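Here's a quick briefing to read alongside the model.

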Amino acid sequence: MSSDLDGGDDDDISPISLILPLEETDINKLSLRRNAVASELLHHFIPSINSNLSIRQLPSQGLSFQLWPAATTLVNLLDDHRSHPQTNPLTPTLTALRQISESPTLKILEIGSGTGLVGIAAAATLGAKVTITDLSHVISNLQLNVEANAGILAANGGCVQVAPLHWGEAIDAELIEQDFDLILASDVVYHDHLYDPLIQTLKGFLLGGGNPKMVFLMAHLRRWKKDSTFFRKARKLFEVEVLHKDPPPPGSRIGVVVYRFAAKQSKKPATGSANQG
């Protein structure tokens, strides 16, 4: 039996069957069709800011254009942090980042943003400056979703910009120079051929000589036994801990888990070595 730090238990679960069942959530869905491309306009209500975030899905365009379960978990935690910071599992991390940040406004990077819901929600609930990223062909839909929520972002002191980011490739200098405080991601561990590129990108940010206190928060719903390979590799480079576990939804044995990754702290050399003298 695997632990949560290995990514979950031992049985494979189909990822396709675990894309968010919208009818069971508080998200309102409006299906549209334009130029033969089906789209869905989602309205996700955020109680802490009393606003609906509008997000366009394009299910026919691939998995990057759909909302996945772990994204909703992160959004709900961000919403709860604004309303109930005393009991929220993200509060210790966010408080520590604010205390060491040179700016009162957190600078956040979201990787594998998909529809952009998590990054947009983070900007709105935290009053943060957020950069949401994904592959180049996803950027236009991300930009549309940012623009659709511009009024809500402005009203809550948030700011979102969009940029392409290809894991495993050299990171654009403009992203590195932004010196982010926090990286967010949800449901990014599902294809094993992406494990090494993802870890390479995380190394570039967390271990690349920028902000040494930068933290990566990842919401993950385990789907395959092989997910544990990613976590074994990641633990060789980063301190990994579980911050939150969703209870399994009806009919499932697993729920979304939120992990915190940070650079390993270097061990101080032992003093008074027995070989001295």
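What share of the 277 residues of the protein chain counts as buried? The figure is 50%. Keep in mind that this is a predicted model. The chain folds into 8 helices and 10 strands.

**The chain as a whole**

- Take the contacts with a separation of 6 or more: 68% of them are between residues 24 or more positions apart.

**Nonpolar cores**

- As background, nonpolar side chains in soluble globular proteins tend to be buried together.
- The largest nonpolar core here has 48 residues, and the members touching the most other members are Ile-108, Val-130 and Leu-182.
- Helix H3 is the top contributor to this core, giving 8 residues.
- There's also a second, separate core, with 29 residues, among them Leu-175, Ala-185, Ala-234 and Phe-261.
- Back to Ile-108: leaving aside residues up to four places away in sequence, its contacts include Ala-122, Leu-126, Val-130, Phe-180, Leu-182 and Leu-184. Lys-129 and Thr-131 are also among the residues Ile-108 touches.

- H4 covers residues 139-148, and its buried residues are Ile-139, Asn-141, Leu-142, Asn-145 and Val-146.
- Looking down the axis of H4, you'd find these buried residues within an arc of 165°, so they line one face of the helix.
- Ser-140 and Glu-147 are exposed, and they sit on the face of H4 turned away from its buried side.
- What do the buried residues of H4 pack against? Their partners are strands E3, E5 (129-134) and E6 (159-164), plus helices H3 (117-126) and H5 (150-155).

**Ser-54 in strand E3**

- Ser-54 sits in E3, which runs over residues 51-57.
- Ser-54 counts as buried because its relative accessibility is 16%, and the cut-off for buried is under 20%.
- The side chain of Ser-54 makes a polar contact of 3.2 Å with the side chain of His-43.
- Beyond residues up to four places away in sequence, Ser-54 touches Leu-41, Leu-42, His-43, Asn-145, Ala-148 and Asn-149. One of these, Asn-145, is a buried residue of H4.

**Asn-88, a buried loop residue**

- You'll find Asn-88 in the loop between helix H1 (69-83) and helix H2 (91-100).
- Is Asn-88 buried or exposed? Its relative accessibility is 3%, so Asn-88 counts as buried.
- The side chain of Asn-88 has a polar atom 3.0 Å from the backbone oxygen of Leu-77.
- A polar atom of the Asn-88 side chain also lies 2.8 Å from the backbone nitrogen of Leu-90.
- Not counting residues up to four places away in sequence, Asn-88 is in contact with Leu-77, Asp-80 and His-81.

**Positive phi at two loop residues**

- Asn-50 isn't a glycine, yet its phi is positive, at about 50°. Asn-50 belongs to the loop between strand E2 (37-46) and E3.
- Asn-50 counts as exposed because its relative accessibility is 62%, with the cut-off for exposed being over 50%.
- Asp-187, also a residue other than glycine, has a positive phi near 50°.
- Asp-187 is buried, with a relative accessible area of 5%.

Terms used: Residues numbered from 1 in each chain as written. Predicted model: local features only at pLDDT ≥ 70, side-chain atom pairs only at ≥ 80, totals over all residues. Heavy atoms only, no water. Helix = DSSP H or I, 4+ residues; strand = E, 2+ residues; numbered from the N terminus. Buried < 20%, exposed > 50% of the residue type's maximum accessible area, 1.4 Å probe, protein only. Polar contact = N/O pair within 3.5 Å; in protein donor to acceptor, adjacent residues only side chain to side chain. Contact = heavy atoms within 4.5 Å. Arc of directions from axis to C-beta. Core = buried A, V, L, I, M, F, W, Y, C linked by side-chain atoms within 4.5 Å.
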